[in-house]
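Hi everyone, thanks for coming.

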Amino acid sequence: MEKNCPQYSVLMCVYAREHAAHFREALMSIANQTLPTDDLVLLCDGPLTKELDQVIDEMQDYIGKSLHVYRESVNRGAGIAHRLAFEKCQHEFIAVADSDDISKPDRCAKELAVFKAHPELSMVGCFVEEFDEDPSQINAVRKVPETTEEIIQFSHRRNPINHPTVMFKKSDVKAAGGYQDFYLLEDYFLWVRMLQMGMKAYNIQEALVYMRAGSGMYKRRGGSKYAQSQRKLFKYMYDTHYISFQDYIYSCVVRTLSGFIPDSMRRGLFMRFNRSDVAIKQVRHRLRDQVEDFILDALNVIIMTLSFAIFWLKYYSHNVARSYAGLWDLSIIIFFMIVYAFCYRLYKSVQVSEHLIRESLFNGLLSNILAIFGAIIVMFVWRAHMFSLVPLLLLLINDTVLCFVFAVIENNTFIRLHRPRKATVILNQNEFNMQLLSTKLKAIYAKVDIIHVDDCLSNIREVLADSDDLYLSDLPEEKRTIIVNYALSQDLDTFVLPQVGDAIMSASHPSHIFHLPIFKIERFNPSIFYLFFKRFFDIVLSLMALIILSPIMIIIAIAIKAEDHGDVFFKQTRLTKNGQEFMILKFRSMTMQAESDGVARLSTGKNDQRVTKVGKIIRPLRLDELPQLINIFKGDMSIVGPRPERPEIANAYVAKVPEFDLRLQAKAGLTGYAQVYGQYNTCPHDKLLMDLSYIATPNLLEDFRLCLATIKVIFVPESTDGIEEGQVNALQEGEIHENTSRSA
């Protein structure tokens, strides 16, 4: 014992269900304190297992006479066991230690130092770091308040001192009545009594104990017996005027509900609300954001459904036979609500613009149109004769106004309720991605930090300390793995801009060979059932679309012919599956001399002088693409698939991005990932990644989702932005450098 440092005892209880290895670690952590104790009191609460007794014998040899072992013939329970061990302790200062937790080497020294600096204190605790099996993998930190005043306030609803960390004065504990039998709450009960007597407490704002918090700890916190014990404690606190009636009711309700929910859910709630490190802060914010988003979405669906219900009951319900009216009314309203809710959630997931009001307006309006259209189909089938569409048009106008009002309210609510968020972007040496990310992210984050990967790795904890979201771009695999591992340990949402190898691996099939994990990578090879139904829907949907849209196509054809008397259709060679060439059909939107110099070039957008007057109307709305329905019906293309490129432009892309040909594993499509999430001028490398993402997981439901998402993209002007003046394709200088280095 160092000079001028008071002696202290350590109190530990163990019982038969303790794990021998955990018990050994706990004892070793006490034996190896920088200020060792000469009085380690170990009380065996009932007969122990052979393994536990063997650990005691080993530690008796290691620690020597400082270890004092006392045994009870029967298990007395934690409260009585701690009281008996407390009475055996020789010194005024007593440190409590659990038989499965690990004290850091300087724990007792730091707690004694606090007592020395503040002799008026009766008890000193600290934070605990929770783990499952490996103390180097921390799940959470249970933080507790610092000063006596804060501890008292905190104790009104929760235990203010972590029991396995506490060091207290024996005389003060004895004055408060010592440990008493109180099922799993003997420590909380003791702290309350000491605080009621005016004793002072302090929590060191540092974690000095590793607490083993596996599923067993949360299981013990459940059941009717534990819930009853908690209600009994809060009843005592209320009866002695320590807490208010509001605190009493709140605690009883919460503790009772917590006692009867499943163990896994209870652990999740403890992690979300009772643990306060950086990772748990992220969980709290994420949960809060989810609740707020759910409330706003629910209000939106309810308002739109009520609007539809009012119009339906006013204009259509009376035309239905009375014997079916009630069932019919309820069915059609529920049908509208389901379709609207599905589409609204789908369109919210397709974020193609940073303009929140416009995004919200599109989401609501398109969802209304599709839900109303679905209702019209149901009414045709049900009634089998014509009916007035005027009320539905009035409903659409009414819903447009409601959608705009809700978009404004939702935007203002988002800004007011959501805290300013910070994004950290980790880059290697990619100026192209740095400019792109910083421009886009600054529209949705209050602060964006762009850090070089080496600067991040040199001080990763400080760099990511206050980040809400993390973006990684073009990082070497080793460095990326280190950052991702740290981000996962901190529960930090991480967004990785993938490389081509990542996209290819996403299509692999996990397997095992000779007990070794292995990933099988093969060329795009979907099931025959997927190919059959995909082709079936291509034929049916393209034929239906050609019939329904034929009036619009005829009008466009007449307008094109009337403007310059040139060709109506524009035919061009494109590439599809396995590099096969086909002649794509489009409505001509440029002059007949658009490429008279023989150079294949993309459009430069709104200012492109080659675009005709009709083209300026049909290009932004993608109406020039409608003749491709004929290509789909013939089998040249599919409704969903990689974007078909011209051979000349594809060759230019392959020269800079050799992997670009990997897109040709699947049949080209009218829409797809690149068409929905990319833009006309999206660089080929990013188009490749999007198309590979689609090829990796062929799925008919995903095809359906992309078809619906395409409807929204049509109304987003950014999606048709052209390339820069002087360019002939979408390759950018930074992107060329980037992909050349990747290829090397």
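Let's start with helix 19, which lies across strand 10, strand 12 and strand 13, in contact meaning heavy atoms within 4.5 Å. Helix 19 runs at about 170° to strand 12; axes are lines fitted to C-alpha atoms, for helices over the stretch in contact, and angles run from 0 to 180 degrees between N-to-C directions. Helices (H or I, at least four residues) and strands (E, at least two) are DSSP runs, numbered from the N terminus.

A word on the source: this is a predicted model, where local features need pLDDT of at least 70, side-chain atom pairs count only at pLDDT 80 or more, and totals for chains, interfaces and linings use all residues. Residues are numbered from 1 along each chain as its sequence is written, and side-chain values use heavy atoms, leaving out hydrogens and water.

Four strands form an open sheet in the order 11-10-12-13, with parallel pairing; two strands pair if DSSP finds at least two bridges between them. Strand 11 (447–452) and strand 13 stand at the edges with a single partner strand each, so one side of each has no neighbour in the sheet.

How is strand 12 joined to strand 10? By 5 bridges, running parallel, with Ala-423 partnered by Asp-469. Strand 12 also pairs with strand 13 over 5 bridges, and there Asp-469 stands opposite Asp-493.

Finally, is strand 12 mostly covered or open? Mostly covered: 5 of its 5 residues are buried, that is, under 20% relative accessible area (1.4 Å probe, protein chains only).

Terms used:
Buried < 20%, exposed > 50% of the residue type's maximum accessible area, 1.4 Å probe, protein only.
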